[in-house]
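I opened the notebook to record what I looked up in this structure, starting from the whole chain and ending at a single residue.

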Amino acid sequence: MITVASDDLEGLATYFRTAADAAVPAMRMAINDVATRGGMALIREEMAGQIAFPRGYLTGDRIGVTKRAPNASLEAVIT
């Protein structure tokens, strides 16, 4: 716990109180952005490099984000 005794540092104390509240939504947005954008492209590329799938096999609904990360559970699922 941080205790601030100086009036000059009240802005810093406010920052620390609000930074924690902003961290979870920021992490959620970052996880979902990676899962739905660059992450999917990288996964498809890696899978295609390891397995000789027919052209276009990994497009559409064969692989995709099946669960986006909510604030309560910072995890996205790709299946």
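Overall form. I worked from a predicted model, and I began by listing its elements: the protein chain has two helices and two strands, which follow the pattern α-α-β-β when read along the sequence. I then looked up the extent of the chain and noted a radius of gyration of 20 Å, whereas a compact globule of 79 residues would have one near 12 Å. Along the principal axes, the C-alpha atoms fill a box of roughly 65 × 20 × 15 Å. I also noted that 11% of the 79 residues count as buried, and that carbon and sulfur atoms hold 59% of an accessible surface of about 6,100 Å².

Helix pair. I next checked how helix H1 (residues 10-36) sits against helix H2 (residues 38-50), and found that their axes come within 3 Å and cross at roughly 40°. On the H1 side I listed Asp33, Val34, Ala35 and Thr36, which meet Gly38, Gly39 and Met40 of H2. Sorted by class, this contact has three nonpolar, three polar and one charged residues.

One side chain. Is Asn32 buried or exposed? I looked up Asn32 in helix H1, and it counts as buried because its relative accessibility is 4%, under the 20% cut-off. Beyond its neighbours within four places in sequence, Asn32 is in contact with Arg68, Ala69 and Ala76.

Notes
Residues numbered from 1 in each chain as written. Predicted model: local features only at pLDDT ≥ 70, side-chain atom pairs only at ≥ 80, totals over all residues. Heavy atoms only, no water. Axes fitted to C-alpha atoms, helices over the stretch in contact; angles between N-to-C directions. Helix = DSSP H or I, 4+ residues; strand = E, 2+ residues; numbered from the N terminus. Contact = heavy atoms within 4.5 Å. Nonpolar A, V, L, I, M, F, W, Y, C, P; charged D, E, K, R; others polar. Buried < 20%, exposed > 50% of the residue type's maximum accessible area, 1.4 Å probe, protein only. Rg over C-alpha atoms; globule rule 2.2 N^0.38 Å. Areas by Shrake-Rupley, 256 points an atom, 1.4 Å probe, with all protein chains shown as cover.
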